[in-house]
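Have a look at the model first.

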Amino acid sequence: MSAPATSPTPTPTAPGGLPLLGHGLQLARNPLPFIGSLRDHGPVVRIRIGPTPAYVVTDPALTRKVLVTDAAHYAKGGKIIDALRVFFGDGLATIADGDAHLRNRRLMQPMFNKAHIADRGDAMIEQVATAVGAWPEGQPRDVYADMNEVTLGAFLVALFGADLPGHLAGEFTALMPDIMAGTIRQTILPPWVTRLPLPANRAHAQRVARLRALIDQAIDHRARRVAGPPADADTPAVPAAGGAAAADAGCPHAAAAGEQRTGLFDTLLTAEDPLTRQQLQDEAITLLTGAIETTGTTLAWTLYEITRHPRVEERLREELATVSAERPLAYEDLEHLPYARRVLREAIRKYGPAWLVTRTATRDLDLGGHLVPEGADVVWSPYLHQHDPAVFSDPDAFDPDRWTTGDTAATRGSFLAFGDGRRKCIGENFAWAELQIILATVLRTWPSFRLTSRAPRPQAVVTVKPDRMTMRFDRQQAATRRSTDDPARITTVPEPGPDTKPSPPIA
């Protein structure tokens, strides 16, 4: 237990705070350089977001105390989580610590084991191939939007099954970008502003209500498929809201050989202790949002780095050709694509994707000799840890080969894109599978692609996303490019820094 120290070490306050605004202006204008600079001031640094103090942990060993060793005293909460909870409800990512969280996590864990994911792998590959192959050739495309759309489509297939009605999938795809933009807006504005009857607030509320209605339709569709046809005309095919499916369908193996159990969500619908309809909605929203925002961002940055490093692209294509040659990609191929996984892992490391996460101290705590008062926000940053030069040499370089020798203990403590401890991302295995499927499919479908916009600038909002990124995709192999990459080390050319475009603060 971390009881307060008898004589706590004074906690340094980051320079540059302003009256009333605190460090909000720096978080708005130069978020990534600012958060990275805090490492220079000590392992725990106090900042102010407006008048409210927050304690930023820059030492990965202390971050592990927050997330693992002393996690019971650092509750899931803080300003970001509180704002997201308005949208997510009590989904797994935002529900408070306690029995309900443990119950829901245990209930959902089987959805994301490797066997369940493998069962959905071929359907996901087919969905992704159809979406990526439909892009018109030779036209500049918004890659960030494309990656979010492809990711959402693949996840909908995995979550609700390959037979989800087209109008539902289409409306999900149309709604989610605006909903994500509105949710981000809600996290960066003062709470009282988000409660005003402003047009933007009303529009966001209407979209969220529509999303919940669509999720209800998808749940009912899956429930009918899981339950199977009614025994007679008087037997309902759909379970009552929040109830389990029919008794036979509740058996995990009842329809294993058929098409009925083709969605991850079936696990929740057939649980012995079922979730309520509200809880099902909350979990679906959490899963959908987590799946597209972080995965889509990672894929966009990965494609960008590939356009900048011809040797990386060559090695990726060579690996794919060796593994699957001319035949279609199969789910079993993913485990034989280690270089693709290293490329994706390096994109995750370099670009976050999350940059600021909060917890709340449940009592006065001693964190590395520093007193953290009860109720204070404790901030940790995957981006900061993943750019630590003491762990990752030349952290601003894109170097997939830094992962060749496997994770060292120090690297494991600093690579925190999926979190750590009891609140670690439940969907990590799924994320890796989806990332590899989409990257491999883009490479197989399009022999050539190139950046058509200026170099994108990282924007730190909830994730570290590109401000603008367009690419042209061609089916004809481009002329061989002379690579200046050192095979032993991939280096980067200078690019605009993240401080060249303002980003809104996390409030």
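What follows covers a helix, then a strand with its neighbours.

## Ground rules

This is a predicted model, so local features need pLDDT of at least 70 and side-chain atom pairs count only at pLDDT 80 or more, while totals for chains, interfaces and linings use all residues. Residues are numbered from 1 along each chain as its sequence is written, and side-chain values use heavy atoms, with hydrogens and water left out.

## Helix 6

Helices here are DSSP runs (H or I, at least four residues) and strands are too (E, at least two), numbered from the N terminus. Helix 6 takes in residues 114–133; at 1.5 Å a residue its 20 residues should span 28 Å (1.5 Å times one less than the number of residues), and the end C-alpha atoms agree at 27 Å apart. Still, there's a bend of about 40° at glycine 121, taken as the angle between axes fitted to the seven residues ending there and the seven starting there.

Buried (under 20% relative accessible area, 1.4 Å probe, protein chains only) residues in helix 6 include His116, Arg120, Gly121 and Met124. Helix 7 (143–160), helix 12 (266–269) and helix 18 (428–445) are among the elements covering the buried residues, with contact meaning heavy atoms within 4.5 Å.

## Strand 5

Strand 5 (residues 357–361) is mostly covered, with five of its five residues buried. Val357, Arg359 and Ala361 point one way, Thr358 and Thr360 the other.

Pairing needs at least two DSSP bridges between two strands. Strand 5 pairs antiparallel with strand 3 (residues 74–76) over three bridges, and arginine 359 is the bridge partner of lysine 76. With strand 8 (residues 377–380), strand 5 pairs antiparallel over four bridges; there, aspartate 377 partners threonine 360.

Methods
Buried means under 20% relative accessible area, exposed over 50%, partly exposed in between (1.4 Å probe, protein chains only).
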